[in-house]
Each structure stands twice: as structure tokens, then as C-alpha cells.
Amino acid sequence: MKKTLLAAALLAATSYATAASNVTLYGVLDAGVTVSKLHGDSTKVQMSNGNWMGNRWGIKGSEDLGNGNSVFFKLEQGFKLSNGNEASEGKAFSREAALGLSGTWGTVAFGRFGGLSSDCGTYSILGGAPYTTSFQTIGSMYSAFYLTNRYNNSIIYLTPEYNGFQGSFMYSNGRDSDENKWSYNQHYYGAGLTYGNGPLKADLIYEALDYKGKADKNKTTQLLNLGASYDFGAFTLYGAYEYAMHAPLPGVEFDTKTAEGKALENKYNNGKANDYHAFALSASTNALGGEVMLQTQFAFGKNKNASEPDKENKFNSFSMGAAYFYHFSKRTLMYTQAAWGTAGKALKHNTDDLRGWNATVGMTHTF
């Protein structure tokens with residue numbers, strides 16, 4: 001009798017624990033081969049990581065607190081499948097680290113996660129393109145749009161959904177560190193609204209990044225993004241627009257190890273930086289037993305720092321890409337993608353990052 005009561009008690013306790021909380025181990029493995037050529041450079045053949053989805057493993061869980069409330073956490077680490085290295089050196093959970101509460105009143109979370117337009121993690125609401133920032137810079141939104149990143153010391157609040165509308169509000173008390181006094185930390189502010197009801201999806205995002213405490217006294221970067229998609233049944237049409245103020249050049253990394261690279265970095269990515277417009281027009285459809293996606297993006301703008309005789313102020317860029325996905329199962333797919341891009345004026349004279357082509361074939365498996 002005692003053994004029966006003990007077994008019943010253990011079974012009840014186990015059942016309660018299972019119902020009250022859960023923990024899940026999950027991950028993504030994504031690798032392929034990319035052939036690429038930038039203007040003025042040699043053709044490269046490389047094993048590429050995280051082409052469609054970034055390689056990661058993570059732990060997430062939640063506990064029911066009753067009355068419609070729950071506490072949740074998510075810890076996610078990125079890595080490179082080709083060599084096993086961590087994606088961001090020195091960070092145990094570089095992709096996301098969050099602890100939060102949710103209920104009928106909305107959701108609040110604290111930790112490190114992507115900004116609203118980052119296309120990174122749980123809280124990004126960026127839309128307006130079928131594969132947004134996947135694959136190489138040439139052919140993705142990175143070649144034309146200035147998109148935010150993952151930030152430390154962050155807090156986010158999501159409103160309840162109402163008739164398809166939901167609001168998002170995010171703040172970082174120090175994108176890298178908040179150990180200095182508030183006026184010396186570099187902050188992030190974001191506010192967004194999404195709509196999803198039937199075939200129409202849309203998002204509107206405003207973000208600001210200040211540079212308090214930075215010696216260069218950069219002007220605050222401000223970003224306004226609008227994205228939308230409409231499912232016509234036979235195909236889905238996408239569109240996106242960004243107005244960037246005092247923002248670094250999109251898709252360009254200057255080599256600051258050289259004197260020329262430092263000068264270009266100061267000219268185009270510091271001080272007043274650049275104002276520009278970016279656009280994307282894309283489509284996707286089910287075909288050839290899988291999915292076909294076409295994505296284009298274009299940007300034009302002007303540097304806002306003082307004009308110099310040997311430095312071009314205006315710039316533009318254009319890229320286009322196409323991808324095909326074939327699903328072997330719900331968790332495994334293969335993909336192939338190719339893209340071509342060009343750039344003009346300042347982006348033509350000072351960098352080759354956006355002038356060239358690439359092609360990738362690979363596979364993704366989730367668990």
C-alpha cells in the first residue's frame with residue numbers, strides 16, 4: 001500500500017512539473033559551397049556557413065505561473081559549422097539571451113537580442129522581402145539597407161495583438177556596455193507596428209542609435225523602415241522601403257588597418273555620415289516541386305560631411321538574386337541561390353564590396 005501511494009505521489013509530482021514548465025533543446029545546421037567574385041578580385045570557392053539560416057544551438061523554456069501568465073527564457077549560441085568556432089568570439093550566447101514574462105497584458109523581456117529591423121532572433125519584425133538578409137551581402141537587403149544588430153543590455157515590450165495589429169518597443173541601455181554613466185553609453189531606441197490578417201502582412205519601424213561618449217561625436221543614426229507582403233495565392237509580392245539619416249554606408253566594411261581605409265571610414269561612416277533611400281521589390285512562388293524566390297534592392301543617397309575635392313559625396317547600389325528551395329522533409333531542405341550586384345559613384349570609387357556576383361548551393365537541417 002505504501003509503495004502504491006509513493007508511486008502515485010511521484011507520478012503526480014512528475015505530471016505537475018511537466019505541465020508547469022518545459023525546456024527544449026533546439027538547433028540549426030546550415031552549410032554549403034559558395035563561388036564568388038568581387039570586382040578586381042579573384043574568383044573564390046569557399047565552404048560557407050549559415051547561408052539560409054544561421055548555425056545555432058539553444059535552450060528555451062517556460063513555466064506557467066497561472067492566471068494566463070508565464071515566465072520564459074531563451075539562450076542561443078551561434079557557431080561556424082565549417083570549423084566549429086563560435087560565431088562571436090568571447091560570447092557564450094551571442095545570438096540571444098533573454099528572460100521574460102508574458103500574459104494577456106503583453107510580453108516583456110530583458111537581455112541581449114536583435115533590434116526591430118535586425119532580421120535577428122525573436123523580436124525582429126523586419127519584412128518586405130522573401131529571404132531578407134540570408135545568403136551573401138550582394139543579393140540581400142544588406143547591400144542597400146542599413147539594418148540594426150544584436151544589442152546588449154536590452155529590454156523589449158510587445159503589446160497584445162488586436163485585430164492583427166501588434167506594437168513593439170525596445171531600448172538598449174548600452175549597445176555594448178552600460179558601465180559608464182548614462183550620458184556616456186551608446187543607446188538604441190526602437191518602436192514598431194506590425195499587421196497580419198489574411199493575405200496582407202505589413203510592418204512599420206522607427207529606430208535611433210546614439211553615439212554618446214564617442215570621440216567622433218557622430219550624429220544620431222535614425223532609421224524609418226516600411227515593409228509589406230501580399231499573398232495572391234499563385235505568388236506572393238513583397239515591397240520594402242527605408243529612409244536612413246546619418247547612417248553608415250550599407251554593405252561596406254572599410255579596411256581601417258590602412259591610412260586610406262581610416263580616412264574613408266571617417267568620411268563616410270562617422271560625423272554626419274550619410275542620408276539615403278533604399279527600396280526592395282521581390283516575389284516568391286511554389287514551383288518545380290519547391291519554392292522559388294526573386295529579390296531585388298536598390299539604394300541612393302549622399303554623404304553629409306563636408307565636401308572634399310577628391311571624395312565623391314553621392315552613391316548608389318543595385319543587386320538582384322534568385323533562390324530555389326526543395327524540402328526533403330519538415331526539418332531538412334536544400335537550396336541554391338545566385339546574385340549579382342553593382343554600385344556607382346562613391347561606392348564604385350572607394351570600395352568593391354558591392355560589385356560582383358556569387359552562387360551558393362547547400363543544405364539546412366533543424367532539430
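Two strands pair if DSSP finds at least two bridges between them. In this predicted model, strand β4 meets that criterion with β5, residues 96-103, through 7 bridges, and the two strands run antiparallel. Within this pairing, F73 stands opposite L99 of β5.

Strand β4 also pairs with β3, again in the antiparallel sense, and here 10 bridges are found.

β3 and β4 form a hairpin with 2 residues between them. β3 covers residues 56-66 and β4 covers residues 69-78, and N67 is found in the loop that connects them. Most residues other than glycine have a negative phi. Is N67 buried or exposed? A residue counts as exposed when its relative accessible area is over 50%; N67 has 76%, and therefore it is exposed.

L288 is located in the loop between β13, residues 274-287, and β14, residues 290-303. Although L288 is not a glycine, its phi is positive, at about 55°. The relative accessible area of L288 is 73%, so this leucine is exposed.

Rolling a probe the size of a water molecule over the atoms shows where empty space is left. The second largest pocket holds about 370 Å³ of space. Its lining is made up of 19 residues, and those closest to the centre of the pocket are L126, G127, K201, A202 and S229.

Which strands each supply at least two residues of this lining? They are β9 (188-197), β10 (200-209), β11 (221-231) and β12 (236-247). The largest share comes from β11, which contributes 4 residues to the lining of the second largest pocket. By class, the lining of this pocket has 8 nonpolar residues, 8 polar residues and 3 charged residues.

Key: Residues numbered from 1 in each chain as written. Predicted model: local features only at pLDDT ≥ 70, side-chain atom pairs only at ≥ 80, totals over all residues. Heavy atoms only, no water. 1 Å grid on protein atoms, 1.4 Å probe; cavity = no way out; pocket = protein on both sides within 12 Å on 5 of 7 lines; lining within 4 Å. Points joined across faces, edges and corners; volume = space filled by probe spheres on them. Nonpolar A, V, L, I, M, F, W, Y, C, P; charged D, E, K, R; others polar. Buried < 20%, exposed > 50% of the residue type's maximum accessible area, 1.4 Å probe, protein only.
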